[in-house]
Amino acid sequence: MSPDLSVTWLGQTMQSPLYNASGVMCRSEDELDAVRGSAAGAVITKSCTRLPREGNPEPRYASTSLGSINSMGLPNAGFRYYLDYARRYDYAGGKPLFVSVAGLCLDDNLTMLRVLAEAVLPCFPEVNLSCPNVPGKPQLGYDIAGMAEALEAISEAYPRPFGVKLPPYFDPVHFAEVAAVLNRFERLAFVTCINSIGNGLVIDVDAEAVVIKPKAGLGGLGGDYVLPTALANVREFARLMPAKQVVGCGGVKSGREAFMHILAGARAVQVGTCLYEEGVGAFARIEAELRALMQEKGYASLDEFRGKLKTL
Ligand code: DHB
């Protein structure tokens, strides 16, 4: 028997735990439909602002041998566009839809969430508390008191289950403080760990120059650079927030990293840099690799090993 990759959470069943990381293959309807039409188990939209944005000047994404660096600057078609997409979405198709919102201020997030709430759609908001690429706008996830205040207001504005996209944390004290805050919010159903490691700097030795234009070359890192940090965040938040679901994101490029995220406690797993580089065929490939690995290990379902990472 082929191992079963299905996962049931948020009252829905996904045939695969894999879907796109917000930002990759999800800005236009065509891209979103390509993810939906692939082997992905769900779809998430590009983080949106109230109004459309062009984003930062190009080049704003570069791939390296170890991953990627980007400073896109929230180019998106605006909240209304993704709301319309969510209204038309075929929920009966069995692929949950997540709508990522990244307001430029708390009021913008609240406005978008209130409209989404009034629309009463079966999609789930992923509130992005961690975009590192808008000049002059720090990542709210690094201001724990500010994040707590925002979540109070967000919880009030949105009366159904929602999630947040977190930045990576690097200290056990911060894991504990953030988890204690998040645990206070009953409707906060899931946390996606991690956003890119913000404000890295990639240097091209030949050119003696940075590789992307915005912010003098600073950008969010993805891919191999971030895998161990992502796994640490998944494992720690899964452990510290047993009543929440953790979505793993960071460094998944084969069945092995998907397995690691699930072993660390992830319920679902997003694919960013690898999807950007390979296209939507990555989902079927990674799923086949994950199935083969599970078969080799004798696992028939994800439940049999999720969160069962051993320590020494
Ligand atoms: C962008 C990057 C992010 O990491 C994010 O969470 C949201 C937006 C961007 O640059 O567009």
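1. Helices here are DSSP runs of H or I with at least four residues, and strands are E runs of at least two, numbered from the N terminus. This is a predicted model, with local features needing pLDDT of at least 70 and side-chain atom pairs counting only at pLDDT 80 or more, while totals for chains, interfaces and linings use all residues. Residues are numbered from 1 along each chain as its sequence is written, and side-chain values use heavy atoms, leaving out hydrogens and water.

2. Helix α3 (residues 106-119) packs against helix α4 (residues 144-157) at about 20°, with the axes 9 Å apart (axes are lines fitted to C-alpha atoms, for helices over the stretch in contact, and angles run from 0 to 180 degrees between N-to-C directions). The two are therefore roughly parallel, the label for angles under 35 degrees.

3. On the α3 side, L106, L110, L113, R114 and A117 meet A150, A153, I154 and A157 of α4, contact meaning heavy atoms within 4.5 Å.

4. Now to the sheet: β5-β6-β14-β11 is the order of an open, antiparallel sheet of 4 strands, where pairing requires at least two DSSP bridges between two strands. Its edge strands, β5 (61-64) and β11 (197-201), each pair on one side only. From one strand to the next, the twist averages 40°.

5. Within that sheet, β6 (residues 67-70) and β14 (residues 218-223) pair in the antiparallel sense over 4 bridges. S68 has G222 in β14 as its bridge partner.

Conventions
Parallel < 35°, antiparallel > 145°, perpendicular 65-115°, else oblique.
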